[in-house]
Amino acid sequence: MELWRRLALDPAAHRLVTLVGGGGKTTLLYALARQAVDAGYTVAVTTTTHILPHPGLPRSERPTRALLEARRAATVGTVGEKGKLTGPENPAALLDLAGVVLVEGDGANRLPLKAPEEWEPVIPPESRAVLAVAGLDAVGRPIGETCHRPDRAAALVDKPPDALVTAADAARLLTHPLGGRKGVPVGAAFRCVLNKADTPARRAAGEVCAAQIRAMGLQAVLTAFREEERDGKCWF
């Protein structure tokens, strides 16, 4: 439960968690799922957008409590175009079946940073926690190369798209009410996750970014995953 503790989240209280942003959401999603399973919870993983099904987990459009108790974790949704999973209309209904429900709430086209469009993200109102994720590999590279929706990202940090991303820019994108904090339900815990802190330079940038986020009274943690852990395939 290391990640849950570092995020100051309790799966018994924060039973529905939605992840938004870029830079490693899917890996973090399955890391949280693995740790919740190891702690004795059953876990339903789903999306309000589109994700690839996990090859090691059963997939069901209508999971049962028996399936979750037998397998401990499952992905929930329908496989459609390009083999991607579309989640159920009401992810909160899964709380009747699973101890923990983890939701991927938007896409980032595998880029480190994200600024949401008008219709994004799609966060279930029952979410008890929202995690905004960013990849520290964006720092020092152009906004236009590292941000999904680069024009919107550039506008939020008041820079041109060819400007280099700074740690302060990453902090602003994560915490802006039209960025990572967009659509967070009232009363839900909000956490910023600075992922890919896997080199001294990235960790240093992450510490600067985290300090700025904490100065706003918000919580931020740094994470790093090994290559074999990315996308969570090794955990199930």
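Let's start with a helix pair. Helix H6, residues 167-175, packs against helix H7 at an angle of about 45 degrees, and their axes are 8 Å apart. Angles under 35 degrees would count as roughly parallel, and 65 to 115 as roughly perpendicular. So H6 is oblique to H7. The crossing of H6 past H7 is right-handed. Keep in mind that this is a predicted model.

Stay with H7. Helix H7 covers residues 200-215, and together with strands S12 and S13 it makes a β-α-β unit. That unit is right-handed.

Now the two strands. Which way do S12 and S13 run relative to each other, parallel or antiparallel? They run parallel. S12 is residues 189-195, S13 is residues 219-222, and four bridges join them. For a residue to look at, take Arg-191: opposite Arg-191 stands Gln-219 in S13.

Next, helix H2, residues 25-38.

Among the buried residues are Leu-28, Leu-29, Leu-32 and Val-37. Lys-25 and Gln-35 are on that list too. So are Thr-27 and Tyr-30, along with Ala-31, Ala-33 and Ala-36.

One last stop, just past the end of H2. There, Gly-40 takes a positive phi, about 105 degrees.

Note on methods:
Residues are numbered from 1 along each chain as its sequence is written. This is a predicted model: local features need pLDDT of at least 70, side-chain atom pairs count only at pLDDT 80 or more; totals for chains, interfaces and linings use all residues. Side-chain values use heavy atoms; hydrogens and water are left out. Buried means under 20% relative accessible area, exposed over 50%, partly exposed in between (1.4 Å probe, protein chains only). Two strands pair if DSSP finds at least two bridges between them. A crossover is right-handed if, with the strands pointing away from the viewer, the path from the first strand over the helix to the second runs clockwise. Axes are lines fitted to C-alpha atoms, for helices over the stretch in contact, and angles run from 0 to 180 degrees between N-to-C directions. Angles under 35 degrees count as roughly parallel, over 145 as roughly antiparallel, 65 to 115 as roughly perpendicular and the rest as oblique. A crossing is left-handed if the near helix is turned anticlockwise from the far one by less than a right angle, and right-handed if clockwise.
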